[in-house]
Amino acid sequence: MDREELGQRSETVRRSNLSAIVRELHADGPLSRSELVARTGLTRSAIRGLIGELAVAGLVSEERAAPLGTPGRPSPLVHLRPDGAVVLGLEIAVDSVAAAVVGLGGEVFDRARVDRPRGKSSVSETVADLAQLARRVLGRRPEADRLVGIGAAVVGVVRRTDGFVSMAPNVGWIDVPLGQQLAHALALPAPVSLANDADLGALAELRRGAARGADNVLFIGGGVGVGGGLIVDGKPLTGMAGYGGEVGHMPVNVNGAPCRCGSAGCWETEIGQDALLTKAGYPREGGLACVEVVLRRAAQGSPAELAALEHVGRWLGFGLAGLINVLDPGLIVLGGHFGRIHPFVAQTLGAELDRRALRASRALVRIVPATLGVDAPLLGGAELAFEPLLADPKAWAGRHNRLAELASA
Ligand SMILES: [Zn+2]
């Protein structure tokens, strides 16, 4: 190996060490240098050098830790500077759009969600509304000049490479180059990434919510549509192009109702919000507000609402049993309306799993409600937007320094 090759190799190693440090701090908050040594396997002096480099780039700062009563000097506490780099998280849901400005380390500086009537869902209107909301939240934040990425959660089947939406049945979109359109409408100096909303809900719950520390997770998000996000061995399972994980369109009922995807008897037609509302005798347009009424009436013992919840709970168990048998997930996180209805259906669901899931995986699996609520996909969008910086912090820091130089020239 010649000298040039060696130099390149050590540069690659250095970049990946910087990435490892920033990832640890981004996931778990402030850590002492000793903890970073333990977690990364790097030497104390290597950590010191790399932290110095990140500090110069404005990504981390250090503070003296309070002495712990142990002998020796206390190790300084290293933390990411939330304003060192920020991202814009976006979400396109069936009946709302949302935007959030999130700092490095996960601090949410600002967020906003705007309800939209269900009929108003053309691509151009949605993109315009979202761009307007994004400008509003960014305009309120002084950190916006450190924007490093934009990540959008979309209620549809999304190709990850370019944000092409193959279909979004619940808003009626087919073959939309949404990534391109959104980037054009936002006109911001940062890359735009798009992914499916449930995939990003899973990512957010994994980093910041109910699934922290878990490696094998099945997230299901319930609303008008039903989406799934799968984490296998700590990594998202998205399929060949990012279209995978569409558990809501798993065929479960040969005699089932027509689905918006064009098929019939999909899981979504039995457990989605529309199914719950129509079974309980409510208009499907009622939305989340109506779901709350159903839950309130059920809590008072009203038979129609209880029967509808029983139906959803039984079908939820039916589909989950199949997924448990295939994936052995260990943890199932119920997002969207499933988190809300879980207390009402836990027993029915459990009985269905006992009947249909294989004993060994059934015994291992825990089912918990999501902790990030309706904003999980939005916050997952922010996490997606941080990915390039987490993978190569040096490249991004360099970019900012160059921008600063240009500005001062
Ligand atoms: Zn379907």
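Let's start with charge: the chain carries 43 positive and 43 negative side chains, and the centres of the two sets sit 3 Å apart. Keep in mind that this is a predicted model.

Some of those charged groups pair up, and the structure holds 29 salt bridges.

| Salt bridge | Distance |
|---|---|
| Arg81 with Asp83 | 3.5 Å |
| Asp110 with Arg140 | 2.7 Å |
| Asp274 with Arg284 | 3.6 Å |

In the Asp110–Arg140 salt bridge, distant parts of the chain are linked: Asp110 is in strand β6 and Arg140 is in the loop between α4 and β7, 30 residues apart. Asp110 is buried, at 14% relative accessible area, while Arg140 is partly exposed at 44%.

The Asp274 and Arg284 side chains also meet in a salt bridge. Asp274 belongs to helix α8 and Arg284 to the loop between α8 and α9, so this pair ties together parts ten residues apart in sequence. Asp274 is buried, with 7% relative accessibility, and Arg284 is partly exposed, with 38%.

As for Arg81 and Asp83, Arg81 is partly exposed at 32%, and Asp83 is partly exposed at 33%. There's also a network of salt bridges, linking Glu11, Arg14, Arg15, Glu53, Asp392 and Lys394.

Now the whole chain. It has 14 helices and 16 strands, and 50% of its 409 residues count as buried. A compact globule with 409 residues would have a radius of gyration near 22 Å, and the chain's 23 Å agrees with that. The chain exposes about 18,500 Å², with carbon and sulfur atoms supplying 55% of it.

Technical notes
Residues numbered from 1 in each chain as written. Predicted model: local features only at pLDDT ≥ 70, side-chain atom pairs only at ≥ 80, totals over all residues. Heavy atoms only, no water. Helix = DSSP H or I, 4+ residues; strand = E, 2+ residues; numbered from the N terminus. Rg over C-alpha atoms; globule rule 2.2 N^0.38 Å. Buried < 20%, exposed > 50% of the residue type's maximum accessible area, 1.4 Å probe, protein only. Areas by Shrake-Rupley, 256 points an atom, 1.4 Å probe, with all protein chains shown as cover. Lys, Arg positive; Asp, Glu negative; His and termini not counted. Charge placed at Lys NZ, Arg CZ, Asp CG, Glu CD. Salt bridge = Lys/Arg side-chain N within 4 Å of Asp/Glu carboxyl O.
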